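Biologist: I have a model open and would like to learn how to read its features. Can you take me through them?

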Amino acid sequence: YKQADINELKEELVNLKTQLQEGLDQCKEEAQAFFDSNDFLQELSDPDFDDSELMTFVIMRQATAKGLAMWFESGETEAEYVVNLLNDSDLHSGKIALAVALELAEPLLLFKSKSEYVDPIKRYEHYEQAYLAGELDPMFSQFTVWELRNAINSNAPDDELTWGRESLRNYRPDIVISDNPQWRYCQIVRTDVAYKTPDWYTSPHSHDQILSGGGKCGPRAWYGRFSCKTFGIPTWGCRQPGHAAMTRWTSQGWMTCLGGGFHKSYWEGQGGLDFLLDTEARNVLCDDTRFMQLVMRLEWLAVVHEEDDKSVRSSALPDKDALWSALGLMKKKIIAAAAESNEYQPQFEQSSNYNKIQEMIDNEEECDNAPFKNDDGEVIIPAGGVDLVVSKKSSINKSFLGGRQLLLMHDATFQFSVSPDHLSEGISVYEMTIYLNTAHRNEDPLILTIRPEGEPSDSDVEAEVEIPYTMCMWEQTGPVPVELDPSSENDIVFSLHRKRTKFGIAIKEIKLTPIE
């Protein structure tokens, strides 16, 4: 094609897009007039409209009688939930419990399992306890039931969810407190989940193996969703042509991650643009109940009339053969348009509940990072006090253990000096250990060099520090014996680096323990 032909085609596409938008705007205006003039639609959106029978019908249809029966038979508590669900039209109390009851009415298989399911009662207890312990995102208490349904529905076992939170707090606290709303929590995929064939090195498969061993688009999307959900952040799918990705809640609206935009996304029969419209309308209303009254009642009538809503849900465009679905779609567009005019702005209130993440974000306390000698004669070098000689994306960050910690990336080099005044008189042999955590198996060892300050490099003493795989839990390395001269007139310079590596090591402190 000639450039002139390409430019003409682009111009034609712009014109078609403009015409489509104008048509949708006109359709939206006509739909608004129809809603305002139709008595039944006015009655249907009235908060006092009795929709209990309609609601029960749709629950039985969409959760499926089989799914509810399976849950009913799994225990007395589960049976009580189902009875209360079908007998009570007021479904808006106990948000976490309600979210679990609705979302897990259809049993959810555990990750990579063919026979084990998420236990709804334990899942409720898990998130309640995590919330009370201040481990979830500061916004968790503000979420609606619908948002919570998309937060608690991870297929990971509860103990893996606990590990997911603790591992990220330990290994990459900077990601936990990131001010980038799109990538808080799930940035770990871009930094640490290698794009490669997965290394499932043990059975059953688990999410720590994805973090350590990598994977292609599927496992990377799984881990991104997992990482967000561990902290109580809602996510939605999603799939894209030839690709797996994810979308997530943020304080600035829902965003896609690890792939293209919403126009390329789909999940469980719903297109990305229709889902985004759902979120925008809900965000304007800030109320599950009002969204149910204005939108979902129309969608329920589509279920009653057995409409085929695939066209509406996949394209976010009205379909003349799906009246009630199209009306529900246009109602969402009318509501969402209010956000564009700034008529509605979501208001978020900070929870009064203690929160570890918010405490870390707010903490600006200065730290004493100087080496010191403790009562046992051990010399402690805080990681926050080391010098990054070659940084290579390495950084010193706030630590959930207090103070600072070092993230050592790639083949970066860090060093620190120990004054002879910190050494014990008459003792020249010490054991050096490093308090660290790692996310990946088979890390290259750290190369340690030691020399008196000001001495030539040929006086270096070299040793290797083996790096254990700790699954992001804090551990001490094995001891490495080093000889130090307490009578030296100069400080002793320690330098550590790795020859070749791709991922990081989190370091909290280095310890020198006197031996003889």
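Modeller: We will go through aromatic rings, charges over rings, strands and salt bridges in turn. Keep in mind that this is a predicted model.

Biologist: Start with the rings. How is an aromatic pair described?

Modeller: A pair of aromatic rings is described by two things, the distance of the centres and the angle of the planes. This structure holds 16 aromatic pairs. Take Tyr127 and Phe140, which are stacked. Their centres are 6.2 Å apart, with 10° between the planes.

Biologist: Where in the chain do Tyr127 and Phe140 sit?

Modeller: Tyr127 is in helix H6, residues 120-132. Phe140 is in the loop between H6 and helix H7 (145-149). The two residues are 13 apart, and the pair links distant parts of the chain.

Biologist: Are Tyr127 and Phe140 buried or exposed?

Modeller: Tyr127 is buried, and Phe140 is too.

Biologist: Why is the pair of Tyr185 and Phe231 called stacked?

Modeller: Look at the angle. The ring planes of Tyr185 and Phe231 meet at 10°, so the pair is stacked. Planes under 30 degrees apart count as stacked. The ring centres of Tyr185 and Phe231 lie 4.3 Å apart.

Biologist: Which loops hold Tyr185 and Phe231?

Modeller: Tyr185 is in the loop between helix H9 (173-176) and helix H10 (187-192). Phe231 is in the loop between helix H12 (217-230) and strand E1 (235-236).

Biologist: Why does Tyr185 count as buried?

Modeller: Buried means under 20% relative accessible area. Tyr185 has 0%, so it is buried. Phe231 also has 0%, so Phe231 is buried.

Biologist: Which residues form one aromatic cluster?

Modeller: Tyr127, Tyr131, Phe140, Phe143 and Trp249 do.

Biologist: Next, charges and rings. Which ring has the charged end of Arg190 over it?

Modeller: The ring of Trp183. The charged end of Arg190 is 3.8 Å from the centre of that ring. There is another case at Tyr201, where the charged end of Arg441 sits over the ring. There the distance to the ring centre is 4.0 Å.

Biologist: On to the strands. What is the order of the open sheet of three strands?

Modeller: The order is E1-E4-E5, and the pairing is antiparallel. E1 and strand E5 (255-257) are the edge strands. Each of them pairs on one side only.

Biologist: How many bridges join strand E4 and E5?

Modeller: Three, in the antiparallel sense. E4 covers residues 246-248. Thr247 stands opposite Thr256 in E5.

Biologist: Which helix lies across E1 and E4?

Modeller: H12 does, and it runs at about 20° to E4.

Biologist: Which residues of strand E18 make its covered face?

Modeller: Val480 and Val482. Pro481 and Glu483 make the uncovered face of E18, which spans residues 480-483. Strand E14 (residues 429-438) runs antiparallel to E18, and four bridges join them. Glu483 in E18 is the bridge partner of Val429.

Biologist: Are Glu135 and Lys356 buried or partly exposed?

Modeller: One of each. Glu135 has 16% relative accessibility, so it counts as buried. Lys356 has 25%, so it counts as partly exposed.

Biologist: What about Glu378 and Lys511?

Modeller: Their side chains meet in a salt bridge of 3.9 Å, N to O. Glu378 is in the loop between strand E8 (372-373) and strand E9 (379-382). Lys511 is in strand E20 (residues 505-514), and the two are 133 residues apart. Glu378 is buried, at 15% relative accessible area. Lys511 counts as buried at 18%.

Biologist: Which residues are linked in a network of salt bridges?

Modeller: Asp274, Asp278, Glu299 and Lys332.

Conventions:
Residues are numbered from 1 along each chain as its sequence is written. This is a predicted model: local features need pLDDT of at least 70, side-chain atom pairs count only at pLDDT 80 or more; totals for chains, interfaces and linings use all residues. Side-chain values use heavy atoms; hydrogens and water are left out. Rings of Phe, Tyr and Trp (its six-membered ring) pair if their centres lie within 6.5 Å; planes under 30 degrees apart count as stacked, over 60 as edge-to-face and the rest as tilted. Buried means under 20% relative accessible area, exposed over 50%, partly exposed in between (1.4 Å probe, protein chains only). A charge sits over a ring if NZ of Lys or CZ of Arg is within 6 Å of the ring centre and within 35 degrees of the ring normal. Two strands pair if DSSP finds at least two bridges between them. Contact means heavy atoms within 4.5 Å. Axes are lines fitted to C-alpha atoms, for helices over the stretch in contact, and angles run from 0 to 180 degrees between N-to-C directions. A salt bridge is a side-chain nitrogen of Lys or Arg within 4 Å of a carboxyl oxygen of Asp or Glu.
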